[in-house]
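Subject: Structure handover

Hello,

Here is the structure you will be working with. Please open it beside this email and follow along.

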Amino acid sequence: MMRDSLYHTLVGALDLVLWGGKLEGRQNLPPNGPAVFIANHLDATGPIACCCSLPMRVYPWSVGDMMDPGLAADYLNKDFCEKTLHLKPPLGVYISRWLSKITVPMFHSLGCIPVHKGDYRRMQETLSISMGLLRQGKFLLIFPEDPNFDVDEITGIKHFQHTFARLGEIYYEETGGRLGFFPLAIHPRNIIKVGELVFYDPFNKISMERQRIKDLMESEIHRMYLMLGNYRVESGVLTLERK
């Protein structure tokens, strides 16, 4: 895993080349960790935007296939070359194989945490790795949109899964501390907005608390996204203001 100094040098370069966006709500950022940032994905842009914009080092949850040398090329071909670049075989296949030789070691060096949705045993590994970082006072970055849902017509954001909220209960059980969650809204106008901190509440029923945190993160990210997009309500209809 790369050192923090190299990490900040790398994301600084990516910021100049690929992002160059604006960070709003900086006053909501915590002075120290641990904490968990929750964000909408915004295709391939979201993870890059967050790492470039946030002043602290973050450890992102990443699709497990992207970190597996044997699976990464196929995933890149379907999710990036075909979906984003609209490349057809065999060009997309060749490019994804070449990219995977760069992205797999890079994801591991950045400290990304592999996520295998639908696999209970391996999801426990994800939570275990995450807890190890949180106990060290680190910051996690999670994109909990559920691929099984359709996107919202206005924001393009899918409904959230609530697995990430389990970190709050595990952290409380292990340390007695209340873990904080921060919503991040990433907008195509190259803006990220940081929302207000939400703490895990150990006095709620566990299932209700998971749902509460998930709902708060999802609704606040939607709200901030709409604000960043200059939307307004006119005669009961949501419209985008043109400037």
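A salt bridge here is a side-chain nitrogen of Lys or Arg within 4 Å of a carboxyl oxygen of Asp or Glu. This is a predicted model, in which local features need pLDDT of at least 70, side-chain atom pairs count only at pLDDT 80 or more, and totals for chains, interfaces and linings use all residues. Residues are numbered from 1 along each chain as its sequence is written, and side-chain values use heavy atoms, with hydrogens and water left out.

Salt bridges

The count comes to 10 salt bridges. One of them joins Glu 169 and Arg 210, with their closest N and O atoms 2.7 Å apart. Glu 169 lies in helix H6 (residues 166-175) and Arg 210 in helix H7 (residues 206-228), so the pair ties together parts that are 41 residues apart in sequence. Helices are DSSP runs of H or I with at least four residues, strands are runs of E with at least two, and both are numbered from the N terminus.

How accessible are the partners? Buried means under 20% relative accessible area, exposed means over 50%, and partly exposed is in between (1.4 Å probe, protein chains only). Glu 169 is buried, at 7%. Arg 210 is partly exposed, at 22%.

Next, look at Arg 57 and Asp 4. Their side chains meet in a salt bridge, 2.9 Å from N to O. This pair links distant parts of the chain, 53 residues apart. Arg 57 sits in the loop between helix H2 (45-53) and strand E3 (58-63), while Asp 4 belongs to helix H1 (residues 4-19). Arg 57 is buried, with 7% relative accessible area. Asp 4 is partly exposed, with 38%.

Now go to helix H7. Glu 220 and Arg 223 form a salt bridge there, at 2.6 Å from N to O. The two are three residues apart in helix H7, so about one helical turn separates them. Arg 223 is partly exposed, at 40%.

Cysteines

A disulfide is a covalent bond between the sulfur atoms of two cysteines. The cut-off used here is a pair of cysteine sulfur atoms within 2.5 Å. How many disulfides does that give? The count is zero.

Cys 50 is buried, at 0% relative accessible area. Cys 52 is buried too, at 12%.

Best wishes
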